[in-house]
Amino acid sequence: MTASTGLRLRPLRIEDEDSFRAAHRAMLPEGFEFGWAFDEGTSWSAYLERLGDERIGRRLPPGIVPATFLVAEVGGRVVGRTSVRHVLNDYLERFEGHIGYGVLAPYRRRGYATEILRQSLVIARSVGVGRVLVTCDEDNAGSAAVIEANGGRLDNVVPTEPGRPAKRRYWID
């Protein structure tokens with residue numbers, strides 16, 4: 001089964017708690033938050049409620065924009081995730097963009113990231129995003145290739161904080 005026919009994006013469910021927490025812990029050493037703003041001490045139901053609120057733009061804390069968080073599933077296994085921001089604030093426009101995605105290490109180099117981004121673009125369009133900004137670390141050649149495979153055109157590279165790689169900023173029309 002290819003990534004394009006076997007991968008689907010879907011919202012988190014109650015029964016995903018254990019696999020989600022494992023994925024979150026697995027990616028933290030890479031400096032990547034699998035669970036957007038997830039705290040291990042947060043109750044699962046409260047986290048799911050917060051994601052639901054973010055999706056519809058309700059009760060958003062300062063600096064948080066409406067966003068759709070989905071996991072990527074293949075054959076019943078969570079292999080990655082995406083966060084599709086419906087609008088950008090100044091920080092997101094400079095460093096993070098409309099879409100943030102990630103694939104768990106055991107599932108990399110199978111085309112899943114390319115498919116996650118492809119499906120995320122459809123979701124972005126469905127919430128009214130016309131021109132989509134996607135970024136990646138300057139030293140992440142794999143992610144740059146994924147973005148370019150989905151039509152991304154490099155706009156510029158911006159510095160971040162000291163000791164962190166610069167960000168490559170791509171636009172997808």
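**Exercise 1.** Work out how many helices and strands the protein chain has, and in what order they come.

*Solution.* Start with the totals: this predicted model has 6 helices and 7 strands in its protein chain. Next, walk along the sequence, and you will read the pattern α-β-α-α-β-β-α-β-α-β-α-β-β.

**Exercise 2.** Check the radius of gyration of the protein chain against that of a compact globule.

*Solution.* Take the chain length first, 173 residues; a compact globule of that length would have a radius of gyration near 16 Å. The protein chain has 15 Å, so the two agree. For the extents, the C-alpha trace spans about 40 × 40 × 35 Å along its principal axes. Then look at burial: 47% of the residues are buried.

**Exercise 3.** Decide whether R169 is buried or exposed, and find which backbone oxygens its side chain reaches.

*Solution.* First locate R169: it sits in strand β7, residues 167–172. Its relative accessible area is 8%; the cut-off for buried is under 20%, so R169 counts as buried. Then follow the side chain of R169: a polar atom of it lies 2.9 Å from the backbone oxygen of E93, and the side chain reaches the backbone oxygen of R94 at 3.4 Å. Finally, list neighbours beyond four places in sequence: among them are L133, V134, R153, D155 and N156.

Conventions:
Residues numbered from 1 in each chain as written. Predicted model: local features only at pLDDT ≥ 70, side-chain atom pairs only at ≥ 80, totals over all residues. Heavy atoms only, no water. Helix = DSSP H or I, 4+ residues; strand = E, 2+ residues; numbered from the N terminus. Buried < 20%, exposed > 50% of the residue type's maximum accessible area, 1.4 Å probe, protein only. Polar contact = N/O pair within 3.5 Å; in protein donor to acceptor, adjacent residues only side chain to side chain. Contact = heavy atoms within 4.5 Å. Rg over C-alpha atoms; globule rule 2.2 N^0.38 Å.
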